[in-house]
Number of protein chains: 2
Amino acid sequence: MSYPPETAGAIMTKEFIVLRSTDTAADVIDHLRKEGPDAETIYYLYVVDEQKKLVGVVSLRDLITAPSDQTIETIMSTRVVSVLVGEDQEDVAKLIKKYDFLAAPVVTEQGTLVGIVTVDDIIDVLEEETEEDFGEMAAARGSMDTNISAFTAARKRAPWIIMLMFLGLITAEVIGQFEETLEAVILLSVFIPLIMDSAGNTGTQALAVVVRGLAVGTVDRSTVGKMLKREFGTGIMLGIMCAVTLLIVIPFLYGSFVLAGIVGVSLLLTLSVATMVGATIPLIINKLKIDPAVASGPFITTLNDILGLFIYFSIATALLQYLPQ
Amino acid sequence: MSYPPETAGAIMTKEFIVLRSTDTAADVIDHLRKEGPDAETIYYLYVVDEQKKLVGVVSLRDLITAPSDQTIETIMSTRVVSVLVGEDQEDVAKLIKKYDFLAAPVVTEQGTLVGIVTVDDIIDVLEEETEEDFGEMAAARGSMDTNISAFTAARKRAPWIIMLMFLGLITAEVIGQFEETLEAVILLSVFIPLIMDSAGNTGTQALAVVVRGLAVGTVDRSTVGKMLKREFGTGIMLGIMCAVTLLIVIPFLYGSFVLAGIVGVSLLLTLSVATMVGATIPLIINKLKIDPAVASGPFITTLNDILGLFIYFSIATALLQYLPQ
């Protein structure tokens, strides 16, 4: 293959049937009958001119139902949706999906027909892209294959795990900054996981919504503002619900209303911020022309951990004198 | 529709073309030409007997290329792959994908042809299932739609977030058990996020591999043992790599080899366990006939947090006397 991977050119087949606009329906059917075509699909027949430029399309269905003496010119549709040979396979998949096509013609910049992409190739592309997105979201890029060895899997997953571990050392540094506060009220440390998990979970929810929205096309320039406003509202509401729950539960478990207030307010602020981070980061990454699923999950989780713990310990430090020591 | 949602019956079309085995190729083409069929696809023509039972299939391609006087009986393929009307739409999608079909016939238990599922319906099903899996993995079930209000989104996401927050309170309890250890060496608390994040990330990687493997069918009864062995090996190797890195970095940052040893060994054990948990939980959930993607991510992360912190504080408590206080 002389085309770059993951483009229309790389996945297209060159086995297709070409018609001239002057042929009649009967000619074509007769021709098809005699030739017993090798073409991958004969359900769409493409019409080209003398320069091999794509000028129309006839479905086998239209051909069958047309009067035998009609010429292709009168049967064919001249509004052919085609894709460029260098187009990303994911965009080709979106197009075929959108129009419920069985195939799409592939043309050069000059409009010359060079191949077709069929719907079964597209299903494979969609599966592949989903698998990639899944792997990226979980920082398991390249190790989704269940057939590779433990060593290969570890080698592919290790870079992310080690990089994220270093981010974990930054989080350690954030907590380290509040060592005096922690020393005064050791009980504060028990809520570290709760703050981290809640921040991580709400961020990941927002992330999943945005990554899928970008993949299927429901999030674009015109809807992004509305979507961000929605996510911000969602974050605040989730924060209020969690804060109220904790204001009831923590005094009961740990006997301190001040502690409950600190954890509750921290969580309210953290979830509002975490949801926005989860929704914004993939948009920025996408803007930079990088796949927004690339390890977004763990990065957003770690960033939200840092923000959440900073908010929590800042509030706790400010209210330290009111806490039972 | 009288069929349960997400079954072949619910997504099938009832517009299809039926042939008798005694018709000739020319008869059928003539018939198609005159009728200008309304059927959603005429690319596969199904052959039924007097009892409306499915007995064969002829592709429009075979029909066109056959000599005009041949009967359908001699052209048709009697090895028809069909799906039952009650079959799960995801299984129908897998079948069509596997065989690169444009459509599949839907039959009752008695073998009566009642409809067809076309490839474009299948693409929608695959997209829908992917979206579901994405949402479930991120505990954002039902809120993947970017068109719903902030209130609706918060209402759909809140149950998971609040349930997971209660799990966070269990994690708090685990740390609370080691309050004396923490009080003696406050520095131990700064590594809580590192242990949690690393456990969560490796668990999520294993989870993603298994959930996708189950969805696309590469993980099944025959491969599950091999896969689990692979994941266990991967976990140990990741653990060794992280432990070695920390044994170098922590003494440099925090001036204590004992602390480095505690964090390193804890991480080695935690990652080995976390990878197995990440691989095993979705298998168990799948065995219980529940979609393994259902909020598996956050649950596995929380479970791994608890295990990781328990391992970490247990080792730290055992070695407390050797730590700088």
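**Exercise 1.** How many residues of chain B are in contact with chain A?

*Solution.* The model is predicted: local features need pLDDT of at least 70, side-chain atom pairs count only at pLDDT 80 or more, and totals for chains, interfaces and linings use all residues. Residues are numbered from 1 along each chain as its sequence is written, chains are lettered from A in the order in which they are written, and side-chain values use heavy atoms, without hydrogens and water. Taking contact as heavy atoms within 4.5 Å, 109 residues of chain B touch 109 residues of chain A.

**Exercise 2.** State what area is buried between the two chains.

*Solution.* Buried area is the accessible area (1.4 Å probe) that two parts lose on being put together, summed over both. For chain B and chain A this comes to about 9,100 Å². Carbon and sulfur atoms give 69% of that area.

**Exercise 3.** Find the salt bridges across the interface and name one of them.

*Solution.* The rule asks for a side-chain nitrogen of Lys or Arg within 4 Å of a carboxyl oxygen of Asp or Glu. It finds two between chain B and chain A. One salt bridge joins Glu231(B) to Arg157(A), at 2.7 Å from N to O.

**Exercise 4.** Describe how chain B is related to chain A.

*Solution.* Superpose the copies by least squares on the C-alpha atoms of residues with pLDDT of at least 70 in both. A rotation of 180° with 0.0 Å of shift along its axis places chain B on chain A, with RMSD 0.1 Å. That is the relation of a two-fold axis. Because 100% of the interface residues of chain B are also interface residues in chain A, the copies meet through the same surface.
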